[in-house]
Amino acid sequence: MKKLHSVLAASILVGALLPLSFSCQPKNAGNAVSGDAAIKSYVAPGQYDKFYNFVSGGFSGQLSIYGLPSGRLLRVVPVFSNDAEKGYGYSEETKPMLQTSHGAVPWDDLHHTELSQTNGEIDGRWIFANANNTPRVARIDLSTYRTAEIIELPNSAGNHSSPFITENTEYVVAGTRFSVPPDNANGDVPINSYRKNFKGSISFIKVGKEGDMDIAFQLRCPGVNFDLSHSGKGPSSGWFFFSCYNTEQANTLLEVNASKRDKDFVMAVNWKKAEEYLKAGKGTKETVRYAHNVYNEKTHSATSEIKTSVTVLDTRELKDICYFIPCPKSPHGCDVDPTGEFIVGSGKLAALVPVFSFEKLQKAIAAKDFIGDYDGIPVVKYESALYGELKKPGLGPLHTEFDGKGNAITTFFVSSEIVKWNIKDLKILDRQPTYYSPGHLCIPGGDTRKPNAQYVIVYNKITKDRYLPTGPELAQSAQLFDITGDKMQLILDFPTIGEPHYAQAVSADLIKNNSVKFYKLEENKNPFVAKGEAETKVERKGNRVDVYLTAIRSHFAPDNIEGIKMGDEVYWHVTNLEQDWDVPHGFAIKSAPNAELLIMPGETQTLKWSPEKPGIYPFYCTDFCSALHQEMQGYVRVSPAGSNTPLLFSTGKNLPEPDSAVAK
Amino acid sequence: MKKLSIVLSLLALVCCSSCNNDETTSAAAMAPAATATGGGQENVKDDMSAKDIVKVAVGSKDHTTLVAALKQADLVTSLSNAGPFTVFAPTDEAFAKLPAGTVDGLMKPEQKDALVNILQYHVAVSVIKAESLTDGQVLGMVNGDNVTVHVKDGKITLNNGAAIVGSVQASNGIIHIIDGVLLPPAAEKK
């Protein structure tokens, strides 16, 4: 430590001397800039970042949004997990968002994000996210930055190879990590009957013009683990590629038993062909149960509907939908380059990275150049689909993104590095260590036809000594590399929430002007809205009490309420009357066992509350809204059941009796 | 050092910002390059946690050749990683059984690729305990080649007869100490 201090002191000294020795050089000193990391990631206070970075929150279940290159956290959008901070999953309006066929599921594991595309380019309308545990896909609106829709997936478990999309966002796909007995079959079977009873399912979710999601069909596939996927593009339009592992079909100790075969598969899916079969009525309708939850921005409320049917296409019978391409050793990443010709499969345990050629694959399929079949699916000869192999690239290849200049960048978990390589000549151009053990990586547009390759962001799994210690658990580190030069240059570390897996990034210019500033009060169709203080009221129907409350700087109306009785269920419907950007109001009441509400301007949100004993309960605004925010409060009086306290509510009128103040 | 360099460049940035408020890039002209160098997790200062494979090997008096070879082959960072690994660790005696000059030859910089290949042939990604090894089992090793396991009368041998003489659990995997060096198929042909 002493040494460190002295070095530190020396550096401060040097830092202090620098302005003297190099003072005020001319502008546009371009060469010097390229050598400096701090300035490349520095965004001055008040300046906008150049990119949005949408990062999966992993086991937090949420989506986090960072600015790049600063690494500043801009927003956490609740998606699959309750968020007491925003009332998400607690307010009556948002509760339906987390409904499933298993009831309310208030947590999940969000692994991957994918921005909507048009013509294979990011269009900035929505971002999709997957729930890995209780299989679901969500769509987040990029004007409100809220979860707009969640659809559950039947016949699935561990929705991992998701939510990757086709070039025009025709479909979002969702492949099972865990194969399981189909929902309409008897699932009460011995676990070691995996080979007989367990099946893989891949869902193709149709996305409508307004973003509305509907499961168009499912592919019934052999029981293996589907891991990751990416859409074809350009020449490979109409195809989708999924990595598969555990082709050993092990049901226990996969660490050993799913690592036995030299090659697993990349599964190529001709989804245009699947559409034809669907049209021709080759699908089978199966009775299942899955939830479809939609948030309506006009009613500011979500609805949840249980759907009961899904159309299944059996890929064993409909033979020209799916083809297996052998891929070495438990492939993880399955990434398609911007030209659509090359498919990169990254075997976690492989000593090389194979690059498959779509053109060769098509020829091999046409020539029936198969080495046999796997559970009814033709297996293409490895060499016949192979463009070439990236040899000895590093240890533990996981994921690849593309720079649009003919190069790929791949993460290597075991050797803890990223490697840049040329796709055509399969030569390694650069390798840089990451700290430590990278999982996913992201180049803005790096999985689209048009990457915007200024940066690669690497999401590391291990942090150890990178930040000040915070006990046994440390925030996962993201690392930003400038990739505009020949060598990738590390310019910034920043901590993340949950555990980041896949991420997307997009130029801020494409979407920043679409951001909503507030909701128009006159368009508020929530049945419990109060569009002004004149509309506020408290209504009793039996033991249900509806409080139509408004919030505006800096008071609630009403703010004195009496006549609530034990046994009542009180619904606080709070409308934020503000029509001004960045003025949410919060609502919290003492003893509420769930959460607060955070109500956006023009919005109505509802908190259900049942007092547990008689007395006076204060409520207040939680989001600092004005200089008199601390005055923004109210009281509710709760009387015993059966008492005759009249129902009264008011603001500014419930004054003390004239003589009570002086009585002593 | 990497952290200090960043501190240094930030300091320089702060110091210089007064020169030219409207042109932030000019500040960079005065800021030194922040270098991100240094090794991986092997450099993490942590004496409390269970020892990883590298730390166990370094602590063994019978594996000085292996440790030196791992360093020469730049595999220390990888084996300090989260794993999970199974490492077949030849003892110094096992290395000594190789033809005279073999080890010295492999330690030469121009032989690094061959050394890496041989050492990676001793590592599998997954934790396989001795009792899980079965006769005829084929293990895919990190270098891409396979090792075949033989189990007879409770004695476990690999390929050419190297025997497991002991096993040590590490935080990121398991070490099976072996009494011979495994030679990858390509190296054997030579």
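User: Let's start with confidence: what ipTM does the predictor give the complex?

Analyst: This is a predicted model, so the scores come from the predictor rather than from an experiment. The pTM is 0.90. For the complex, the ipTM is 0.84.

User: And chain B on its own, which stretch has a pLDDT below 50?

Analyst: Chain B averages a pLDDT of 83, and 78% of the residues score at least 70. Where pLDDT is low, the predicted coordinates should not be read in detail. That caution goes for a stretch that has 86 contacts in the model beyond near neighbours in sequence. The stretch below 50 is residues 1-37 of chain B.

User: Staying with chain B, what share of its contacts between residues at least 6 apart joins residues at least 24 apart?

Analyst: Chain B has nine helices and seven strands. Of its 190 residues, 42% are buried. As for contacts between residues at least 6 apart in sequence, the share joining residues at least 24 apart is 59%.

User: Is B:N143 buried or exposed?

Analyst: B:N143 sits in the loop between β3 (138-140) and β4 (146-152) of chain B. The cut-off for burial is 20 or more other C-beta atoms within 10 Å. B:N143 has 21 such neighbours, so the residue counts as buried.

User: Over to chain A: which strands stand at the edges of the open four-stranded sheet?

Analyst: The strand order is β3-β2-β1-β34 in chain A, with antiparallel pairing. Each edge strand has a single partner, so one side of each is left without a neighbour in the sheet. The twist averages 20° from one strand to the next. The edge strands are β3 (73-77) and β34 (503-507) of chain A.

User: In β3(A), what is the bridge partner of A:S64?

Analyst: Strand β2 (residues 63-68) of chain A runs antiparallel to β3(A), and four bridges join them. In β3(A), the partner of A:S64 is A:V76.

User: How many residues of strand β8 in chain A are buried?

Analyst: β8 covers residues 136-141 of chain A. β8(A) pairs antiparallel with β7 (residues 121-131) over six bridges, and another pairing, also antiparallel and with six bridges, joins β8(A) to β9 (residues 146-152). The strand is mostly covered, and of its six residues the number buried is five.

User: Which residue takes a positive phi in the hairpin of β8(A) and β9(A)?

Analyst: One bridge in this pairing links A:I140 to A:T147 in β9(A). The hairpin has four residues between its strands, and phi is near 55° at A:Y145.

User: A:L426 and A:K464 also have positive phi; which of these counts as buried?

Analyst: Neither is a glycine: phi is about 55° for A:L426 and near 45° for A:K464. A:L426, in the loop between β28 (417-422) and β29 of chain A, has 17 C-beta neighbours inside 10 Å and so counts as partly exposed. In the loop between β31 (455-460) and β32 (477-482) of chain A, 20 such neighbours make for a buried residue, namely A:K464.

User: Last one: how many charged residues are on the side of domain 1 that touches domain 2 in chain A?

Analyst: Chain A is divided into domain 1 (56-514) and domain 2 (526-650), with 43 Å between their centres, taken over C-alpha atoms. Eleven residues of domain 1 are in contact with 13 residues of domain 2. By class, the domain 1 side has two nonpolar and five polar residues, and the number of charged ones is four.

Definitions and conventions
Residues are numbered from 1 along each chain as its sequence is written. Chains are lettered from A and ligands numbered from 1 in the order in which they are written. This is a predicted model: local features need pLDDT of at least 70, side-chain atom pairs count only at pLDDT 80 or more; totals for chains, interfaces and linings use all residues. Two strands pair if DSSP finds at least two bridges between them. Helices (H or I, at least four residues) and strands (E, at least two) are DSSP runs, numbered from the N terminus. Axes are lines fitted to C-alpha atoms, for helices over the stretch in contact, and angles run from 0 to 180 degrees between N-to-C directions. A residue is buried if 20 or more other C-beta atoms lie within 10 Å of its own, exposed if 12 or fewer, and partly exposed in between; C-beta atoms are placed from the backbone. Two residues are in contact if their C-beta atoms, placed from the backbone, lie within 7 Å. pLDDT is the predictor's confidence in each residue, from 0 to 100. Domain bounds come from an automatic or database domain assignment. Ala, Val, Leu, Ile, Met, Phe, Trp, Tyr, Cys and Pro count as nonpolar, Asp, Glu, Lys and Arg as charged, and the others, Gly among them, as polar.
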